[in-house]
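Please have the picture in view while I talk.

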Amino acid sequence: MTSNLDQALALLKAGELVGIPTETVYGLAADAAQPLAVAKIFAAKGRPNDHPVIVHIAGKAQLGDWAIDIPDDAWKLADAFWPGPLTLILKKQPHVSYAVTGGQDSVGLRAPKHPLTHELLQRFGGGIAAPSANQFGHVSPTTAQHVRDEFSTESVSLILDGGACDVGVESTIISLIGPQPVLLRPGGVAREAIEAVLGHSVEHVQNASSASIRTSGLLDSHYAPRTTLLTGSQSQMAAAAIARAGQKLAILHTEAALPQDGTAMHILMPDNADEYAQIIYATLRDLDTQGLDAILLVLPPDEPDWLAIHDRLSRAAHQKTRAV
Ligand code: TXA
Ligand code: MG
């Protein structure tokens with residue numbers, strides 16, 4: 001009997017797509033060395049062709065297979081955080097296809113920590129191209145069932161089930177192709193931890209035009225549930241609930257003492273950033289099935305721990321007011 005892992009390897013070699021668990025979110029995987037297989041990812045996700053996908057590798061021993069002119073900072077970061085939720089943008093090897101890099105001369109590389117996918121990568125030997133396994137712009141998946149909900153069995157016949165993702169938000173992306181490292185997307189590894197390893201500060205570029213790099217996770221609208229999502233301070237969301245009296249609403253907040261007035265469904269979220277990250281996407285997906293008129297989300301504190309969560313919530317929101 002062949003195991004799921006054997007089956008996944010055979011499908012990848014045959015140029016097919018496989019859903020894979022990582023510690024951040026589930027990925028939609030294809031053999032990075034087969035441009036036609038990579039093209040299937042874009043077709044299945046409805047993703048524009050000029051958006052690059054991350055190449056997943058087993059570890060830093062494979063870094064030189066995909067990148068050239070690798071600076072010391074890249075080795076330092078790989079030593080400190082791989083396997084783990086950190087993606088490094090480096091100059092690509094000439095053989096890396098533009099289908100993977102979205103036509104750019106850089107490549108995004110990451111060694112994921114999830115044991116199942118780590119074993120898959122070790123046995124596969126090559127690189128696995130994988131964006132998050134969701135329709136373009138939609139909430140990222142953190143369970144195998146979420147991936148099943150996003151794709152037909154025709155386009156994705158196998159999903160490796162590795163349980164719920166530990167981290168729950170995507171990897172941190174650092175570009176190392178310019179004179180200074182740049183934080184393109186906050187994520188599973190904190191900016192402060194990266195700065196401590198590098199011994200200097202790292203600039204955070206917050207939108208796609210100033211980054212002059214095509215990074216779909218930098219689009220203003222991304223990671224969004226289908227239900228209207230409003231974000232703001234507690235008083236703003238309370239006012240929004242009153243303005244929407246009679247509608248079917250859910251209010252997400254971290255304040256255990258918040259009075260439960262009105263008819264809105266109250267959802268108490270963890271007040272710890274790591275725990276919040278673990279469940280936020282699953283919570284938004286659940287709420288999307290409840291036939292709500294709107295989700296009102298009280299923004300968590302504006303503190304460094306919450307940077308990745310703020311980034312995702314601001315891109316997921318259909319209407320946002322800054323917390324006051
Ligand atoms: O945690 C993660 O990073 C997950 C798991 C599956 O590894 N992957 C993920 O992939 O979030 P995706 O495609 O949804 O987002 C990856 C981001 C995209 O915004 C993409 O544009 C950017 O990485 N990226 C990949 N290669 C790049 C490159 N060469 N230059 C700039 N950005 C790049
Ligand atoms: Mg994504």
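Helices here are DSSP runs of H or I of at least four residues, numbered from the N terminus, and their axes are lines fitted to C-alpha atoms over the stretch in contact, with angles running from 0 to 180 degrees between N-to-C directions. Before I go on, this is a predicted model, in which local features need pLDDT of at least 70 and side-chain atom pairs count only at pLDDT 80 or more, while totals for chains, interfaces and linings use all residues. Residues are numbered from 1 along each chain as its sequence is written, chains are lettered from A and ligands numbered from 1 in the order in which they are written, and side-chain values use heavy atoms, leaving out hydrogens and water.

Let me begin with helix α11, residues 273–288, which packs against helix α12, residues 307–316, at an angle of about 30°, the axes being 9 Å apart. The two helices α11 and α12 are therefore roughly parallel to each other, a term for angles under 35 degrees. In contact, meaning heavy atoms within 4.5 Å, A273, Y276, A277, I280 and Y281 of α11 meet I309, R312 and L313 of α12.

Turning to the domains, the assignment, automatic or from a database, gives domain 1 as 2–210 and domain 2 as 229–320. Their C-alpha centres lie 29 Å apart, and 23 residues of domain 1 are in contact with 14 residues of domain 2. About 1400 Å² is buried between domain 1 and domain 2, with carbon and sulfur atoms giving 54%; buried area is the accessible area, with a 1.4 Å probe, that two parts lose on being put together, summed over both.

Terms used
Parallel < 35°, antiparallel > 145°, perpendicular 65-115°, else oblique.
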